[in-house]
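Colleague: I am new to this structure. Could you walk me through how to read it?

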Amino acid sequence: MQQMTAEKQRELGAAGLRAYPNVARAWGLTESQAARLLGTPESTYRRWKRQPERASLDVNHLERLSLILGIYKNLHILLPREDAADTWVKRPNSNPLFEQQTPLDRMLSGQVADLVAVRQHLDGARGW
């Protein structure tokens with residue numbers, strides 16, 4: 001597999017960081033929650049949000065951004081009503097994957113694997 005150049009990594013990170021605050025706002029996340037989903041301190045998240053083009057994201061942050069944006073996209077495909085799609089992450093879920101917690105609770109555990117699990121769940125619901 002070809003390694004991503006630093007310039008390409010910076011471009012992808014900036015693009016993701018320009019979109020991410022909109023997702024965080026749609027989901028009603030606090031700054032602390034938004035930072036936690038990205039796996040970064042709040043102060044770093046605030047700096048990245050102010051100047052996404054100057055952010056230095058590593059592969060872990062890019063993976064997290066990709067998973068979160070994919071979750072958001074899947075929800076808007078599966079639940080075409082915007083309010084239903086945006087509130088899904090905060091509604092308790094009876095699926096064994098969530099154990100009566102909200103999908104956001106699962107995603108906020110801090111582990112990339114939990115973002116992957118939610119993304120795969122939604123990919124499965126889409127038939128992917």
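## Reading the model

Modeller: Asp83 counts as partly exposed, at 44% relative accessibility. Keep in mind that this is a predicted model.

Colleague: Which residue forms a salt bridge with Asp83?

Modeller: The general idea comes first. Side chains of opposite charge can pair when their charged atoms come close. Here the partner is Arg81, and the closest N and O atoms are 2.9 Å apart. Arg81 counts as exposed, at 56% relative accessibility.

Colleague: How many salt bridges does the count come to?

Modeller: Six. One of them joins Arg46 and Glu42, with the closest N and O atoms 3.3 Å apart.

Colleague: Where do Arg46 and Glu42 sit in helix 3?

Modeller: They are four residues apart in helix 3 (residues 42-50), so about one helical turn separates them. Arg46 is partly exposed, with 34% relative accessibility. Glu42 is partly exposed too, with a relative accessible area of 34%.

Colleague: What about Asp123 and Arg119?

Modeller: Their side chains meet in a salt bridge, at 3.1 Å from N to O. Both residues lie in helix 7 (residues 112-125). They are four residues apart, about one turn of the helix.

Colleague: Is Asp123 buried or exposed?

Modeller: Buried means under 20% relative accessible area. Asp123 has 17% relative accessibility, so Asp123 counts as buried. Arg119 is partly exposed, with a relative accessible area of 23%.

Colleague: Which residues do salt bridges with shared partners join into one network?

Modeller: Glu31, Glu42, Arg46 and Lys49.

Colleague: Now the helices. How do I read a packed pair?

Modeller: Two packed helices are described by the angle between their axes and the distance between the axes. Take helix 2 (residues 31-38) and helix 3. Their axes come within 9 Å and cross at roughly 90°. Angles of 65 to 115 degrees count as roughly perpendicular, and helix 2 and helix 3 are therefore roughly perpendicular to each other.

Colleague: Which residues meet between helix 2 and helix 3?

Modeller: From helix 2 come Glu31, Ser32, Ala34, Ala35 and Leu38. From helix 3 come Glu42, Tyr45, Arg46, Trp48 and Lys49. By class, this contact has five nonpolar, one polar and four charged residues.

Colleague: Next, the nonpolar core. How many residues does the largest one have?

Modeller: The largest nonpolar core has 31 residues. Tyr20, Trp27, Leu37 and Met107 have the most contacts inside it. Helix 1, helix 2, helix 3, helix 4 (59-78), helix 6 (103-107) and helix 7 each give two or more residues to this core.

Colleague: Which element gives the largest share of this core?

Modeller: Helix 4, with six residues.

Colleague: What does Tyr20 touch?

Modeller: Set aside residues up to four places away in sequence. Tyr20 then touches Leu29, Ala34, Leu37, Leu38, Tyr45, Leu65 and Ile68.

Colleague: One last residue. Where is Ala14 found?

Modeller: Ala14 is in helix 1 (residues 6-26). Its relative accessible area is 6%, so Ala14 is buried. Not counting residues up to four places away in sequence, Ala14 touches Pro52 and Glu53.

Colleague: What separates the C-alpha atoms of Ala14 and Leu38?

Modeller: A distance of 13 Å. Along the chain, Ala14 and Leu38 are 24 residues apart.

Technical notes:
Residues are numbered from 1 along each chain as its sequence is written. This is a predicted model: local features need pLDDT of at least 70, side-chain atom pairs count only at pLDDT 80 or more; totals for chains, interfaces and linings use all residues. Side-chain values use heavy atoms; hydrogens and water are left out. A salt bridge is a side-chain nitrogen of Lys or Arg within 4 Å of a carboxyl oxygen of Asp or Glu. Buried means under 20% relative accessible area, exposed over 50%, partly exposed in between (1.4 Å probe, protein chains only). Contact means heavy atoms within 4.5 Å. Axes are lines fitted to C-alpha atoms, for helices over the stretch in contact, and angles run from 0 to 180 degrees between N-to-C directions. Angles under 35 degrees count as roughly parallel, over 145 as roughly antiparallel, 65 to 115 as roughly perpendicular and the rest as oblique. Ala, Val, Leu, Ile, Met, Phe, Trp, Tyr, Cys and Pro count as nonpolar, Asp, Glu, Lys and Arg as charged, and the others, Gly among them, as polar. A nonpolar core is a set of buried Ala, Val, Leu, Ile, Met, Phe, Trp, Tyr and Cys residues joined through side-chain atoms within 4.5 Å.
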